[in-house]
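Subject: Structure for you to look at

Hi,

Here is the structure I promised to hand over. Please open it beside this email; my notes follow below.

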Amino acid sequence: MDPLETDHEEIKMSADDWWKCGIVYQVYPRSFQDSNGDGIGDLGGIRARLDHLVSLGVDAVWISPIYPSPMADFGYDISDFCGIDPRFGTLDGFDALVQEAHARELKIILDFVPNHTSDRHPWFVQSRSARSDPRRDWYIWRDPAPGGGPPNNWLGNFGGPAWAFDPATGQYYGHSFLKEQPDLNWRNPEVRAAMYEVLRFWLRRGVDGFRVDVLSQIIKDAQFRDNPPNPDFIEGQDPFFRWLMLYNTDLPEVQPIVAEMRRVVDEFSDARSSRVLIGELYLPLARLVAYYGLNTEGMLEGVQLPFNFQLIATEWQAARIDRLVRDYEAALPAGAQPNWVLGNHDRSRIASRVGPRMARLAAMLLLTLRGTPTLYYGDEIGMTDVPIPADEVQDPFEKNKPGMGLGRDPERTPMQWSAAAHAGFTTGTPWLRLAADWPTRNVEAQSQDAGSMLALYRRLIALRRAQPALNRGNYEALDAEDEVLAYARSFEAQRLVVLLNFGATPAPISPALMPRQPIVLASTDPARAESIEGSLVLAPCEGVVLGAVDDKGPATR
Ligand code: NOJ
């Protein structure tokens, strides 16, 4: 039987299935598709490209912020949580997007940015107007330190202190990012209530969930103590890491708030489909898993998917990744859904980090591990980071700390759709330059090439969708030699084996690792035959998914 077909009737579907068995795709809206020729991607563009997502086979689209914004941090500085920035479209256009996505069985996930607003948000304008203003306490205001200067040593992620002085009222306000992004005071119940209404506003419009920005930072130390020095800090490193973020990230008080957020989205879940929260959390494993919110009754009341960015940070070696996956699996609370991410709008692209051949192996890893995968737009065609000349830099991170390699423009360049002008992204001038390889590396060209990255992604996604072992099965670590990462995925009688050669030399595979009468269900090498004659030797950077000819599971019968 064709391994891309399965008998789904036999599998009982649950309301959680879409985010447990499905795949999330991140769209950075400025760069996905422009529909009005202003050089900036927009909602009309996303609507026009929904069929690409359908043909890729993903289940949910997470769209980075589309709300009204002065764009100091490209939409992560929001001046109205319940609107659409005119650069991106209108609320009517958003409603149409939700409707058209749902008609294609695609879910829509929005970005929720609870930690801060824009300094132009009416709440902040009011808050800074007077110490006695009723909204004063909606933000974090502190007197200067006794001798003058910022109240403590906390730093902003994008450079300088996390405090900005407001001469009119004589106090500092806190900002974990740019000074144009003042931090909300989540200890204030009115702030919490207002922000939960924001969630409800979008849930009522039909959104299926939220990716929650910098979730671990929303609560700060009540006493505003200085952070201690970081003993591992190396001179020349981003000065932000000079102090350990002991008092302004991952405080215990964040957990009840996460549970509150979860209860709000649960108000909108029903037996057919649940709404999901995905937390942006750059934390070590032990801390990350706390955000599942395991309570004393054994229930998970936190976010369903605390983003697992470990594949971005871990050294790209079989042994390291093997250790990582085993540790992650062991750290997960009972019933928690794992998830994996290879890239996003803040980190260097996978094809640049590991190289184009290895990026194919990375795709197989992402799409065969146990857990919800998140793909970053453009990775499905192997887009790489694009060097941006100094006079074209857009990202405030690069502008504030030039030359340190911190800028995020390189991974945010326009999507490469075709060989038409500007890669089919816009009829105007793109807001950020395109990669030089767009005339050949684009969706249209790769759609016609069975050996392309896009063809590999489509194949792997189709296999994952068809095979219960891959989309919901167990994970079993296998011991392999040298630079090979090996694991099995199984569901009922079905057992698939994944073998990934991270090495630069051919890797002979021990027959003990292989299923009986194995066949190749997928390979990163488009020339690899389905049948295995004699012993199996993986080429450098080659990965395979093996099944058994006599497999009794529904998918391979
Ligand atoms: C994390 C987002 O992913 C990033 O792009 C943004 O700059 C910061 N949070 C601030 O909102």
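How many bridges join strand β3 to β7, and in which direction do the two run? Four bridges join them, and the strands run parallel. β3 covers residues 107–112.

Some ground rules before the rest. This is a predicted model: local features need pLDDT of at least 70, side-chain atom pairs count only at pLDDT 80 or more, and totals for chains, interfaces and linings use all residues. Residues are numbered from 1 along each chain as its sequence is written, and side-chain values use heavy atoms, with hydrogens and water left out.

**Around β7**

Two strands pair if DSSP finds at least two bridges between them.

β7 spans residues 209–212 and is covered on both faces. Gly209 and Arg211 lie on one side, Phe210 and Val212 on the other, and all are buried. Buried means under 20% relative accessible area (1.4 Å probe, protein chains only).

**A three-stranded sheet**

β4, β6 and β5 form an open sheet in the order β4-β6-β5, with antiparallel pairing. β4 (141–142) and β5 (163–166) are the edge strands; each has a single partner, so one side of each has no neighbour in the sheet. Two bridges hold β4 to β6 (residues 171–174). Tryptophan 141 stands opposite tyrosine 173 in β6.

**The chain as a whole**

- The chain has 16 helices and 18 strands. These are DSSP runs: helices are H or I with at least four residues, strands are E with at least two, numbered from the N terminus.
- The radius of gyration is 24 Å, which agrees with the value near 24 Å for a compact globule of 557 residues. It is taken over C-alpha atoms, and the globule rule is 2.2 Å times the number of residues to the power 0.38.
- The C-alpha atoms fill a box of roughly 80 × 55 × 50 Å along the principal axes.
- Buried residues make up 60% of the 557.
- Of the contacts (heavy atoms within 4.5 Å) with a separation of 6 or more, 70% join residues 24 or more positions apart.

Best wishes

Note on methods:
Buried means under 20% relative accessible area, exposed over 50%, partly exposed in between (1.4 Å probe, protein chains only).
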